[in-house]
Every structure is written in structure tokens, then in C-alpha cells.
Amino acid sequence: MEQNDQETIDFSKKWFKGRNLVIVTNREPYAHSHAEDGDIVCSIPTGGVTAAMDPVMQEMGGTWVAWGSGGADKDVVDSRSRIKVPPIKPSYTLKRVWLSANEVANYYSGYCNEGLWPLAHNLVSKVRFDNFKWKAYVRVNRKFASAVLDEAGDRDVVWVHDYHLMLLPEMLKKEKPGLTVVFFWHIPWPQHDIFKICPDHKSLLRGICASDLVGFHIPRYCRNFQECLERAFTREQIWSAAMPRVEPFPISIDVRDIERGARTARVKKFMKQLRDRYRLDGRIVGCGVERLDYTKGIPERLEALEILFDKRPELRGKFTFLQVCSPSRGEISEYKSIKTRVVELTNRINSRFGSDDWTPVVAFHRKVPFEHILAMYRMADVAVVSPLVDGMNLVAKEFIAAQVDEKGILVLSEFAGAAGSIKNAIPCNPFERDSFADSIYRAVAMPPDERKAMIRAARDEAGSYTVFDWVNGFLKAASEIAGLKSAGLEV
Ligand code: F6P
């Protein structure tokens, strides 16, 4: 860890003044499963929240409470469902919460990902709420609350994350009012006209409002949240409740760790493997890396690539696009349809333009190890990050951090939260395929001097604000609140 990152973490630790930190997410940072030979293996689930929080917890220590989703998770924990992680350098405790198949279907796939997820992303035609799923959501939030209460001392700091656990702050405060409960929302927060589609929106707002601090990535989501409070409740109700402090804290990544990772001999070896396997030598390389999710704009990107190969025949045979589609939420029909669409489009492009020695789009429909992703980032001349809407998008930041050869240009959707902080990228509008294709072309055709200048500026931008700065800002605010509380003052 670089000295300035270490100093940032040391500051955060100091602010806690002997209080323990308990963080809570739905997704766990490490999952155990049975390999084919019967051995138990540990893997890192895909997802921005766990990727961002794991380096922080490794430095801060404490307890992380999350759903034990791995097939062998129960085989490796102690009698209190706890295990020290990461396996190589155990530095914090992971406490697992067990969910039944029914709860996974109704709380996780159902209420969270067929209801709240599309709602928060403004995709109202995909939203589906059912009362039995709401009941499962309440039940599972209670399970998480009881696991947290087992771990947290009366005056500890509990940091709750994301849309799966909106009722948790209220449940925790009811049992242990001395806790400092802070909440971070990792996805967009919609306007009230959208949010009120959820039949339980008032209960959800009440749940979150029991927190002492609520953080969002950007000011617009804070404004939307506050607008929801003002329109859902009367002025008297708002005044009589203890309202949380609401502030923007844009998340980032462990920049130094990615830079270091991208330079390793193993990543260089994977770059060579990719080059040989997909005949990339002498070709322009593009990449896209995401969970296979309809918010990420993958079909829109493929359609733009098709237009690009139509409009710019000189790129045929010369430009290969590598697209990682990590399987995600596969039980949900919308996710099954997006996969079908991506496969159809990939096949169509490859059969229209491909040749014996050139495949225009190579799609990986599997979980790709992070070192291979680093190899793609490092060798790419262009990365396309084109969500229709996204809270922040950490792939955009990772790609820039991995540009140790100062080679790759980022094409970035104007609808990603990251667009507010990354100025040195080529903007695109994924809803308008022609101009989207032109944006990709601009990145592909950019002259070397201009490229270098843009990448350098992007790296400077990315390097000046890391995940440790984010956590430091958030926990500093949390510790101010905790300090005020222990001094007996109102927050
Ligand atoms: O970033 C939003 C988020 O839902 C995280 O909470 C989650 O870990 C990630 O996306 C991946 O999704 P899932 O946990 O459903 O696989």
C-alpha cells in the first residue's frame, strides 16, 4: 500500500476511537464452493460493492456481514457462521447469513432485482412488485439485523450498503439506539414520481431514515432522495423524525493496486495468450467488461459496433472487440432475454463481417478472472463503458488505472455517474447508435500524441482520488456523528 493511502486509512481508524466497524452487504466478498475433485475453493464474486469494500476492510479490520451464497460456505465457518478472510492474509471477519431457496427467489431475485433494481434505474416497464416478495424482503432484513446485533457492541459503527437492506437501519436502531448506523446507496436514486411506484416506498424511506448518515455517489441522487422524503411525508412528519445527514461521496477504486496488478508478469503472460488465441497482433483491440445486465448497454454497444463496421469498411479485419459478460442474476427472465439478445447480435456481426482469420466480436459468457481482465484493459486501444444509467461504474476507473502503457482511450456513457468525475474520455449516448458508433471511431482513430495526452490526464485524474479517499470522507462524516452522539449532542 502506498504511503498516502496508508495515511488515509490511519486517519479513518483514529476517528473511530475504539469503536468497531461492522459493514453489511447482501453479496459476500468471498464465496466457498466445491470443485469437481471435491476440494473446497474460494472465489471472489463479481460486483462493484465488494470489489470496492474488500481492500478497505483488509486495511481497517472489523466484521463484514453478508449472505453466504457459496455452495460450501457452511462447511468452512465456525459455530457463529464466521470465517476470517481473505484466505491468503486473514485480516477481517466475514459473518455469513443463511437464506433459504425461497428467500433467495423472493427477496434477492424477486423484490430486490425484479423490483428495486429496475426502479432505481428508471426502467419502469421492467419493474414488478408482489406482496409475498415484500414479506420475504422484510423477513430477510430481519435476519440480517439479528446477525449484525450479534456482532455489534452497543456503541459500534454499522455501515449498511445498498438497496437490499433498506429496512436494516430502523431495525438496528430499535434494538440498540446507541449504534451509529450509516448507509451508502451504490446505484442511482430515482425521482419521486418513479420511486412512488413501489407500493412500500414509505416503509423503505422510513427504514433508511433511521440512519445517521446516508451517502450517494452524486449530488443529483441526494436531491432525488430528499425530494422523495418531502413528497412522501408531511412537513410535520419530517420535523418530528430525526432525519439523517445526506451527502454525496463518489466511490473510487484502489488505483495503486490496479496499476501494480497490470504490470505483473502473469498479466503480461495473459496478454500474450489473448493475442495468440484471438489473433490480435497488428489489430486494434477494443474491450467491454461487465455483469450481463440490461442496464449496462451491451446490446446497444454491439449495434453501434455493427454500424461502425458498416460505415467504416476499412476497420474490417483490423478491429477486434473483446466483450466480457459475467453471468448475473440468471434466474430472472429479463436477464435470460438479455443473454439471448447479446448472443444473437454477436453472431450476426461475426457472420456478416468475420472471416477465416478474424472474429470481429469475441464474447466471454463466463466469470473471467481479474488478472485476465487486467490483461484486456492493458492491451486495449479502446474500452467502451456504455450504461443506459449507472450509479458510478468502476470499470471506467479500473480501465484508466490499468493504462500503464498509456495506450487505451475510454468511451464513456454520459449516463454513468462516473461521467461527472472522468473528464478525459470520449462521451457517448448509448441510445443513439449512429453517434455512439462515431464516438467509438473517434477513440479508435485518435492520433498517438492526442491519445497519450488524454490518457495521461485521465490517469492523473484517477490517481488523485482513490477508494481510500472515498472511505475516509464517508467515515470521517460518520465519526463526527458518532462523536456528537457520545458527547450527548443531537446529530
Ligand atoms: O452495485 C450494485 C450491486 O447490486 C451490488 O450491490 C452487487 O454486489 C453488485 O451489484 C452485483 O450484483 P449481485 O450481487 O446481484 O450479483
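The largest cavity of this predicted model is lined by Phe399, Ile400, Gln403, Gly408, Ile409, Leu410, Asn424, Met454, Ile455 and Ala458. A cavity is a set of points, on a 1 Å grid over the protein atoms alone, where a 1.4 Å probe fits but cannot get out, and lining residues have an atom within 4 Å of a point. Residues are numbered from 1 along each chain as its sequence is written. Local features require pLDDT of at least 70 and side-chain atom pairs pLDDT 80 or more, whereas totals for chains, interfaces and linings use all residues; side-chain values use heavy atoms, without hydrogens and water.

The lining comprises seven nonpolar, three polar and no charged residues, where Ala, Val, Leu, Ile, Met, Phe, Trp, Tyr, Cys and Pro count as nonpolar, Asp, Glu, Lys and Arg as charged, and the others, Gly among them, as polar. At least two lining residues come from each of helix 16 (394-401), strand 15 (409-413) and helix 18 (448-463); helix 18 contributes the most, with three. Helices (H or I, at least four residues) and strands (E, at least two) are DSSP runs numbered from the N terminus. The volume of this cavity is about 50 Å³, taken as the space filled by probe spheres set on grid points joined across faces, edges and corners.

The corresponding search for disulfides (cysteine sulfur atoms within 2.5 Å) finds zero. For Cys209, the nearest cysteine sulfur, that of Cys228, lies 10 Å away; for Cys428, that of Cys287 is 14 Å away.

Terms used. On a 1 Å grid over the protein atoms alone, a cavity is a set of points where a 1.4 Å probe fits but cannot get out, and a pocket is an open set with protein on both sides within 12 Å along at least five of seven lines; lining residues have an atom within 4 Å of a point.
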